[in-house]
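I open a new page for this chain. The entries below follow the order in which I looked things up.

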Amino acid sequence: MVNKIDLALALLIVVQLVLTIFVWTLNPIIVSHQVLAAGYIASTLIILAIIVYVYYRGEDYDQEWVAMGIAMVALILLLTYLKGGVV
């Protein structure tokens, strides 16, 4: 049986993989792509920090910090989307 946190971390890894592939396809010369890349890279770094935090703490992690990290990733992605526009 899969824990909820394991499922959440797996989804975060999938999101991180998709963002990394998307950043790889952006054109670094266009300003809107630079904004998108900065937001997506910030999101992937926060996701990496969440994953490392949970696995470092083991069963003794605080769910509030994980929820705050996920909310921060969602906020960054939303602001990046609104600022950079659709590619």
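Among contacts between residues at least 6 apart in sequence, what share joins residues at least 24 apart? I find 69% in the chain, with contact taken as heavy atoms within 4.5 Å.

I note that the model is predicted, that local features need pLDDT of at least 70 and side-chain atom pairs pLDDT 80 or more, while totals for chains, interfaces and linings use all residues. Numbering starts from 1 along each chain as its sequence is written, and side-chain values use heavy atoms, without hydrogens and water.

Overall fold. I count 3 helices and 0 strands, in the order α-α-α from the N terminus. Helices are DSSP runs of H or I with at least four residues, strands are runs of E with at least two, and both are numbered from the N terminus. The C-alpha trace spans about 45 × 20 × 20 Å along its principal axes.

Burial. I looked up the 87 residues of the chain, and 28% count as buried (under 20% relative accessible area; exposed is over 50%, partly exposed in between, 1.4 Å probe, protein chains only).

Gln 16. I place this residue in helix H1, residues 4-24. Beyond its neighbours within four places in sequence, Gln 16 is in contact with Thr 44, Ile 47, Leu 48 and Ile 51.

Leu 82. I place this residue in helix H3, residues 63-84.
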